[in-house]
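Look over the sequence and the model below.

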Amino acid sequence: MTGKTHMAVGASTAWIGAMAAGAAGVELTTGDAALLVALGALGALLPDLDAPKSRIHNVFKGLTTPIGYIAKHRNFFHSLLAVAIVFGASWWFGANELVPGAAFVLAAGYISHIVIDMLTPAGVRVLFPLKAKLHWLPRKLSPKTGGIVDNLLFLLASGATGLFLISMI
Ligand SMILES: [Zn+2]
């Protein structure tokens, strides 16, 4: 899928942070909600740190580009191990204190990227360091990047994110 679809789906996971904050008895401001949307989109771009030409390197002004050349694409950075590290580290460094539910949204956005990449026939090493490459669909049924499924996902996720933001005003 395209980077914009990954971002939109990641952004739409903001409601998970709102639920986590709600469960902790914290009320979100509209600003918090907007930040959660941004963090979800960021989380959804992080796995492609392992691809030198990906959008995430623009976010970090090219500082992270060397990672893209060193790390093998769709290995560690596309694994549940990486999700656990992102969640644990963001929790540890107090992301939830800065923005309620932030660690949850970063992780959810990250997971959404992996789940979507698993729609492609090449598959993803979700269980890294195990070697198995997992994918959801047989090659013939796999949606094309930039195709109908890609665009539909983008539209649905953008709509859901819009509704979330409106509900938080
Ligand atoms: Zn990816």
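Which residue with a positive phi follows α2? Gly-25 does, with phi near 80°. The model is a predicted one.

**Helix α2**

Helix α2 spans residues 14-23, and its buried residues are Ala-14, Trp-15, Gly-17, Ala-18 and Ala-21. These residues sit on the same side of α2, because they cover an arc of only 155° around the axis. The face turned away from that buried side carries the exposed residues Met-19 and Ala-23. What lies over the buried residues of α2? The cover includes α1 (3-11), α3, α8 and α9.

**Two helix pairs**

Helix α3 (residues 30-45) takes part in both pairs tabulated here.

| Pair | Axis separation | Angle | Handedness |
|---|---|---|---|
| α3 and α9 | within 9 Å | roughly 160° | right-handed |
| α1 and α3 | 7 Å | about 135° | right-handed |

Take α3 and α9. Their axes come within 9 Å and cross at roughly 160°. That angle is over 145°, so α3 is roughly antiparallel to α9. From α3, the residues Ala-33, Ala-34 and Val-37 meet Thr-161, Phe-164 and Leu-165 of α9. By class, this contact of α3 with α9 holds 5 nonpolar residues, 1 polar residue and no charged ones.

Now α1 and α3. How are these two helices oriented to each other? They pack at an angle of about 135°, and are therefore oblique to each other. On the α1 side, the contact is made by Gly-3, His-6, Met-7, Val-9, Gly-10 and Ala-11. On the α3 side, the partners are Val-37, Gly-40, Ala-41, Gly-43, Ala-44 and Leu-45. The contact of α1 with α3 counts 7 nonpolar and 5 polar residues, with no charged ones. Val-37 of α3 meets residues in α9 and also belongs to the contact with α1.

**Tyr-110**

Tyr-110 lies in helix α8. Is Tyr-110 buried or exposed? Tyr-110 is buried, because 29 other C-beta atoms lie within 10 Å, where the cut-off is 20 or more. Which residues does Tyr-110 touch, leaving aside neighbours within four places in sequence? Its contacts are Gly-43, Ala-44, Leu-46, Pro-47, Val-83 and Val-86. Ala-33 is 77 residues from Tyr-110 along the chain, and their C-alpha atoms are separated by 18 Å.

**Backbone torsions**

Most residues other than glycine have a negative phi, and most peptide bonds are trans. The cases below depart from that pattern.

Lys-61 has a positive phi of about 55° although it is not a glycine. Its place is the loop between α4 (56-59) and α5 (65-70). Lys-61 is exposed, because it has 8 other C-beta atoms within 10 Å, and the cut-off is 12 or fewer.

Arg-74 is another non-glycine residue with a positive phi, near 60°. Arg-74 falls in the loop between α5 and α6 (80-92). Is Arg-74 buried or exposed? Arg-74 is buried, with 23 other C-beta atoms within 10 Å.

Which peptide bond is cis? The bond from Phe-128 to Pro-129 is, with omega near 10°. Pro-129 lies in the loop between α8 (102-117) and α9 (148-167).

Key
Residues numbered from 1 in each chain as written. Predicted model: local features only at pLDDT ≥ 70, side-chain atom pairs only at ≥ 80, totals over all residues. Helix = DSSP H or I, 4+ residues; strand = E, 2+ residues; numbered from the N terminus. Axes fitted to C-alpha atoms, helices over the stretch in contact; angles between N-to-C directions. Parallel < 35°, antiparallel > 145°, perpendicular 65-115°, else oblique. Left-handed = near helix turned anticlockwise from the far one by under 90°. Contact = placed C-beta atoms within 7 Å. Nonpolar A, V, L, I, M, F, W, Y, C, P; charged D, E, K, R; others polar. Arc of directions from axis to C-beta.
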